[in-house]
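Please read them with the coordinates open.

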Amino acid sequence: MSKTAEKKAVSRSEMTKAQWTWKEIKRNKVAYLMVAPYMLVFTLFTVLPVVLSIVISFTDFNMLQMPNIVWLDNYVRLFLDDDIFLIAAKNTFIFAAIVGPASYIMSLMVAWFINELSPKIRAIVTLIFYAPSIAGQVYLVWGTLFSGDAYGWANAVLLELGIITEEIQFFQDADWVMPLCIVVAIWTSLGTSFLSFIAGLQGIDKAQFEAGAVDGIRNRWQELWYITLPNMKPQLMFGAVMSITNSFGFGAVVTALCGFPSVDYAAHTIVHHLEDYGSQRFEIGYSSTIAVVLFVVMVGANALIKKLLSKVGGS
Amino acid sequence: MAQKLRTRKHKVVLARSRGGDAGITFILVILGIFMFIPMYYVIIQSLKPLDELWMFPPRFYVSKPTFKNFKDLFTLMSGNLVPFSRYIFNTVFTSVAGTVGHLFFASLAAYAMAKIKFPGRKGMFKLVQTSLMFHKTVTAITCFILMSAMQIIDTYWAIIIPAWGSTLGLYLMKQFMESSVTDAVLESSRLDGASELRTFWTIAMPMVKPAWLTLIIYSFQDLWNAGASIYIHSEQLKSLNYAIQQITAGGIKRAGASAAATVVMMLVPISVFVISQSNIIETMGSSGMKD
């Protein structure tokens with residue numbers, strides 16, 4: 001080995017991690033230039049707002065006066081003094097606990113059911129299930145289907161059958177608001193995760209199923225648990241994230257159908273509470289506190305579900 | 001294995017019971033009806049003449065279909081304070097500008113994160129992936145404050161710029177590039193002396209066309225369906241969707257026109273999906289999350 005080469009090797013190993021990183025950074029300048037525009041916008045409109053919310057949540061900022069630091073006062077008020085928030089929190093959890101799993105399981109089951117159909121039929125069924133989630137304001141038709149007068153199909157059918165004698169004011173009745181909103185939410189929720197499951201199922205190597213059949217898989221349920229699900233774990237993870245995020249962030253549909261606030265706050269969620277204080281009362285400090293709590297809940301729920309999902313397939 | 005394997009044309013036949021098939025078909029039909037009824041309802045309503053709209057008991061079909069509701073919709077549109085073409089322009093302009101910028105910036109960043117090994121790429125991607133875990137409403141109010149500081153409230157920029165940095169697009173593009181652009185091809189292009197930017201544009205981008213299309217569709221759908229926004233106050237900058245909501249808010253007199261409006265608005269994203277379905281599914285094949 002020549003002397004210079006030996007020297008080089010020594011200096012390479014003597015280079016500290018920081019030095020090496022710095023060299024790599026310089027060598028890859030162009031990569032940083034490539035990510036720069038996206039990361040700038042992403043930081044400005046996604047990262048910075050989260051950080052700023054946390055900071056503002058410790059103040060009494062209201063857009064008019066100089067903000068004062070109030071430390072945990074907002075959090076204390078939220079959990080101890082705000083009855084509406086407690087209603088909103090309860091509704092949000094009921095909502096997420098029903099809509100999240102229901103939409104997830106329905107997406108997975110439908111994707112699985114249609115997996116063995118011919119491509120044309122599969123495309124049509126996919127469209128029927130996926131369309132409500134992309135069709136914009138189409139969920140407003142639930143308002144007319146379940147309208148409070150006898151022209152809504154729901155009331156008309158119930159009246160005809162003699163089950164009721166008087167129209168039900170579905171979206172003005174505290175008992176009906178929540179269940180109906182849950183149904184509408186599930187109806188609009190077969191979105192990205194659904195498509196991801198369809199793709200994941202299509203991507204599984206068919207030979208694995210045949211090998212499974214030879215190895216004694218007896219029915220399609222065993223096949224689902226031992227072969228299909230473990231093979232599409234990454235999609236299951238991604239779908240879970242999309243479903244959870246959507247089920248917690250669901251608010252616009254409730255406002256559109258039930259008005260704001262909904263009757264007796266029966267379908268008031270944390271998202272509504274946040275909008276109420278943020279864009280109507282301009283108590284930015286307090287609304288930031290609500291935002292931070294919602295943020296922690298969403299990210300926490302995601303982390304929890306990821307842990308659970310890692311057990312799928314018994315591996 | 002001692003058990004008998006049913007075979008057909010020398011291929012192993014998977015365990016499928018008749019009862020299972022029937023059960024699955026049954027559930028699928030029930031769920032399909034549940035999904036389809038509201039869609040069917042709005043289409044039927046949009047085609048009903050006035051006397052059929054207000055008939056008791058309501059009919060589940062149309063006997064004399066008419067396009068009068070669609071005509072009424074356009075009459076109502078032209079009676080607006082702001083010319084209706086302005087709303088259409090607003091939505092089309094923001095949708096196109098937001099989508100083009102997003103496609104370009106997100107692909108560029110996705111390529112670098114997937115295919116160049118530079119320090120910090122994992123951290124950056126992790127950050128983007130984490131942001132999929134919370135909903136946009138969480139940051140709406142602080143975004144508003146930041147945008148007022150940047151003085152872009154009540155301009156098109158308030159809608160367009162955030163769309164450039166939306167996260168799902170980058171996530172899908174990066175995953176797709178990782179799985180379908182092989183390093184060997186890129187390496188040979190680099191050895192030929194092509195710059196990273198050139199390699200990205202001439203080699204990688206043509207290989208990920210399905211992901212482009214998916215990105216375009218997601219971004220376009222988001223912007224197309226955007227209704228009233230807290231970032232826009234001026235009437236002449238508001239979206240088509242907002243304007244249509246105003247028409248449909250006109251109460252029972254406008255039931256027919258409002259159904260027609262919903263049909264018009266939903267036809268655009270649905271037809272776009274029908275055209276691009278196979279590409280989207282292909283992109284979703286690599287959407288999985290690994291950890």
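1. Contact here means heavy atoms within 4.5 Å, and helices (H or I, at least four residues) and strands (E, at least two) are DSSP runs numbered from the N terminus. This is a predicted model, in which local features need pLDDT of at least 70 and side-chain atom pairs count only at pLDDT 80 or more, while totals for chains, interfaces and linings use all residues. Residues are numbered from 1 along each chain as its sequence is written, chains are lettered from A and ligands numbered from 1 in the order in which they are written, and side-chain values use heavy atoms, with hydrogens and water left out.

2. Helix α7 of chain B (residues 157-164) has as its buried residues B:A158, B:I160, B:I161, B:A163 and B:W164, where buried means under 20% relative accessible area, exposed over 50% and partly exposed in between (1.4 Å probe, protein chains only). The cover over these residues includes α3 of chain A, together with α4 (84-115), α6 (140-150) and α11 (209-224) of chain B.

3. Between chain A and chain B, the contact takes 98 residues from chain A and 99 residues from chain B. The two chains bury about 8800 Å² between them, 78% of it on carbon and sulfur atoms; buried area is the accessible area (1.4 Å probe) that two parts lose on being put together, summed over both. On the chain A side, A:M34, A:Y38 and A:W153 lose the most area to chain B, together 10% of what that side buries.

4. The count of salt bridges between chain A and chain B is 1, a salt bridge being a side-chain nitrogen of Lys or Arg within 4 Å of a carboxyl oxygen of Asp or Glu. B:D21 forms a salt bridge with A:R220, and their closest N and O atoms are 2.7 Å apart. Helix α3 (residues 29-56) of chain A gives the most to the side of chain A that touches chain B, with 20 residues.

5. Chain A is divided into domain 1 (1-56) and domain 2 (81-314), with bounds that come from an automatic or database domain assignment. Their C-alpha centres lie 40 Å apart, and about 360 Å² is buried between them, 81% of it on carbon and sulfur atoms. In domain 1, A:V50, A:S53 and A:I56 lose the most area to domain 2 of chain A, together 84% of what that side buries.

6. A:T92, in helix α5 (residues 83-113) of chain A, is buried, with a relative accessible area of 2%. Not counting residues up to four places away in sequence, A:T92 touches A:F248, A:T269 and A:I270.
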